[in-house]
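Biologist: I am new to reading protein models. Could you take me through one, feature by feature?

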Amino acid sequence: MDVLQLDVSGRPQAWITTREAAVIYASDGVAWTLGHPCQTLRGGLQRVTGRQSRIEVHPIIAVRGAVPSRAWRQAPALTNSKLFVRDRFVCAYCGHHCMPEDLTREHIQPTSRGGADTWMNCITACKACNGRKGNRLPEEARMSLLYLPYVPSLHEDMILRGRRILADQMEFLLASVPRNSRLHG
Ligand SMILES: [Zn+2]
């Protein structure tokens, strides 16, 4: 499992491994935590007591002194895997639910015609629909969009990036995701 790292004010910063989290615990860098401990790591023997140290890792940790991420001022990076999750693996033209390997990043306005490679100009499409639309605008190809693109918020981006998100983490992140997000659907 991965641990959701926040800054002290509660803004998500990164997914980190339990090992990385353990280092932060051991250096007294954890300001506060959320959720029930989800893993116990055993450390070295303590010199004074001779007992093995144990670190209980929580699913969400706020880190002392963490600098607010610069990412908050910019749109999250666009990747195919995040795009497909945003669009729930559904082709925007035919509405079919597909496996990731059958999906493509479709530029609504083709890049060859000045379309940008951004969240607002990209949508998920199956290979067949992408091929059929080709180098045309949706209206030229008479293919209308079944849903619209949008720029994910940073909380939403953490969900799109997460691999195995625990219930506690999902609850925390979804609480800050705009209601119109498809992730609520
Ligand atoms: Zn399709």
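Biologist: Let us begin at the metal. What arrangement do the 4 donor atoms around the zinc ion make, and why?

Modeller: Keep in mind that this is a predicted model. Now the general idea. Ideal angles for four tetrahedral donors are 109.5 degrees. Here the 4 donor atoms subtend angles of 100 to 117° around the zinc ion, so the arrangement is tetrahedral. Four donors pass that test if all angles lie between 85 and 135 degrees.

Biologist: Which protein atoms are the donors of the zinc ion?

Modeller: They are the SG atoms of Cys91, Cys94, Cys126 and Cys129. These donors lie 2.3 Å from the zinc ion. The spacing of the donors is C-x2-C-x31-C-x2-C.

Biologist: Is Cys126 buried or exposed? And Cys129, buried or exposed?

Modeller: Buried means under 20%. Cys126 has 10%, so it is buried. Cys129 has 5%, and therefore is buried too.

Biologist: Now the whole chain. How many helices and strands does the protein have?

Modeller: There are 6 helices and 8 strands in the protein. Along the sequence the pattern reads β-β-α-β-β-β-β-α-β-β-α-α-α-α.

Biologist: What share of the 185 residues counts as buried?

Modeller: The buried share is 42%. The accessible surface is about 10,500 Å², and 52% of that belongs to carbon and sulfur atoms. Contacts tell another part of the story. Take contacts between residues at least 6 apart in sequence: 62% of them join residues at least 24 apart.

Biologist: What do strand 4 and strand 5 form, and how many residues lie between them?

Modeller: They form a hairpin, with 6 residues between the two strands. In the turn, Gly50 has a positive phi of about 75°.

Biologist: Which residues have a positive phi although they are not glycine?

Modeller: Arg88 is one, with a phi of about 55°. Phe89 is another, at about 60°. Arg88 sits in the loop between helix 2 and strand 7 (103–107). Phe89 has its place in that loop between helix 2 and strand 7 as well. Arg88 has 36% relative accessibility, so it counts as partly exposed. Phe89 is partly exposed too, because its value is 25%.

Biologist: Now a helix. How many residues of helix 5 are buried?

Modeller: The general idea comes from the helix turn. An α-helix has 3.6 residues a turn, so residues three or four places apart point the same way. In helix 5 (residues 154–161), 7 of the 8 residues are buried. Among them are Leu154, Met158 and Ile159. The buried residues of helix 5 pack against strand 1 (2–7), strand 2 (12–17), helix 2 (80–86) and helix 6 (167–174).

Biologist: Is Arg86 buried or exposed?

Modeller: Arg86 belongs to helix 2. Its relative accessible area is 0%, so Arg86 is buried. Beyond its neighbours within four places in sequence, Arg86 contacts several residues, including Trp119, Tyr150, Leu160 and Arg182. Now compare sequence with space. Arg86 and Arg51 are 35 residues apart along the chain, and their C-alpha atoms are separated by 47 Å.

Biologist: How many Å apart in space are Pro12 and Ile60?

Modeller: Their C-alpha atoms are 9.3 Å apart, while the sequence puts 48 residues of separation on the pair. Pro12 is found in strand 2. Its relative accessible area is 3%, so Pro12 is buried. Turn to Gln5, which lies in strand 1. Gln5 is buried, because its relative accessible area is 14%. Its contacts beyond four places in sequence include Pro12, Ile24, Ile61 and Val63.

How values were computed:
Residues numbered from 1 in each chain as written. Predicted model: local features only at pLDDT ≥ 70, side-chain atom pairs only at ≥ 80, totals over all residues. Heavy atoms only, no water. Donors = N, O, S within 2.8 Å, 3.2 Å for Na, K, Ca; no water. Tetrahedral: all angles 85-135°; square planar, octahedral: opposite > 155°, others 65-115°. Buried < 20%, exposed > 50% of the residue type's maximum accessible area, 1.4 Å probe, protein only. Helix = DSSP H or I, 4+ residues; strand = E, 2+ residues; numbered from the N terminus. Contact = heavy atoms within 4.5 Å. Areas by Shrake-Rupley, 256 points an atom, 1.4 Å probe, with all protein chains shown as cover. Pairing = 2+ DSSP bridges.
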